[in-house]
Amino acid sequence: MSFKQFLPIPIGIAFLAAALMVIDLAKPPFLLTWITFQAWAMYFLAGCTLQGGAKVMLGYLGGAVASMAIILLAGVFAPLGQLALPVAVFIVVIFVISAERVPMFDFVPSWFVGAGVFFGLVTHFTFPIGTSLMGKFGLSTAYLMVSCFVGMLFGIATVYGRTKYEASLATA
């Protein structure tokens, strides 16, 4: 494929990225585009398939649940002082890594990315005053999963468009 034939691919992806930024201007509920962009990339890392996208979604959700477990366990282990969080992480990571033995949950990198995003939301997002810990968990999960789902849609659109375009080149 010549560069002239290739150029519509990055232009098409740039159009999708710009479209996402236009969508962001409307401030849709529970959409954070920085999460959407990373989820979009995770779609490619998971193999550019619907099954891979489902694994990303499940991994992000699993990461959120793992993060909640870490936060709650750290509270249980609070008498250990500064060791409470490391002990909680140790316990939860055993379960997270064990997920690689379960076919639809075996894309473990998405668990870690999902957990990182969830921790970022819980600790740095501005929640309404008086939001309980469970409320923060719920809102963070909603932002995480809606944004991840939109990223999956953009990943699917990217692969669909590129596949159709490359097929048109093959028949030309």
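Reader: Which residues in helix 3 meet helix 7?
Author: The model is predicted: local features need pLDDT of at least 70, side-chain atom pairs count only at pLDDT 80 or more, and totals for chains, interfaces and linings use all residues. Residues are numbered from 1 along each chain as its sequence is written, and side-chain values use heavy atoms, leaving out hydrogens and water. Helices are DSSP runs (H or I, at least four residues) numbered from the N terminus, and contact means heavy atoms within 4.5 Å. Partners in helix 7 include Tyr143, Ser147, Gly151 and Val159, and they are met from helix 3 by Ile35, Thr36, Ala39, Trp40, Tyr43 and Phe44.

Reader: By class, how many residues in this contact are charged?
Author: The contact of helix 3 with helix 7 has 13 nonpolar and five polar residues. Asp, Glu, Lys and Arg would count as charged.

Reader: Which geometry do the rings of Phe37 and Trp40 adopt?
Author: Rings pair if their centres lie within 6.5 Å, with planes under 30 degrees apart stacked, over 60 edge-to-face and the rest tilted; the count comes to nine aromatic pairs. For Phe37 and Trp40 the centres are 5.7 Å apart and the planes at 20 degrees, so the pair is stacked.

Reader: Is Trp40 buried or exposed?
Author: Buried means under 20% relative accessible area, exposed over 50%, and partly exposed in between (1.4 Å probe, protein chains only). Phe37, at 31%, is partly exposed. Because its relative accessible area is 6%, Trp40 is buried.

Definitions and conventions. Helix = DSSP H or I, 4+ residues; strand = E, 2+ residues; numbered from the N terminus. Phe/Tyr/Trp six-rings, centres within 6.5 Å; stacked < 30°, edge-to-face > 60°.
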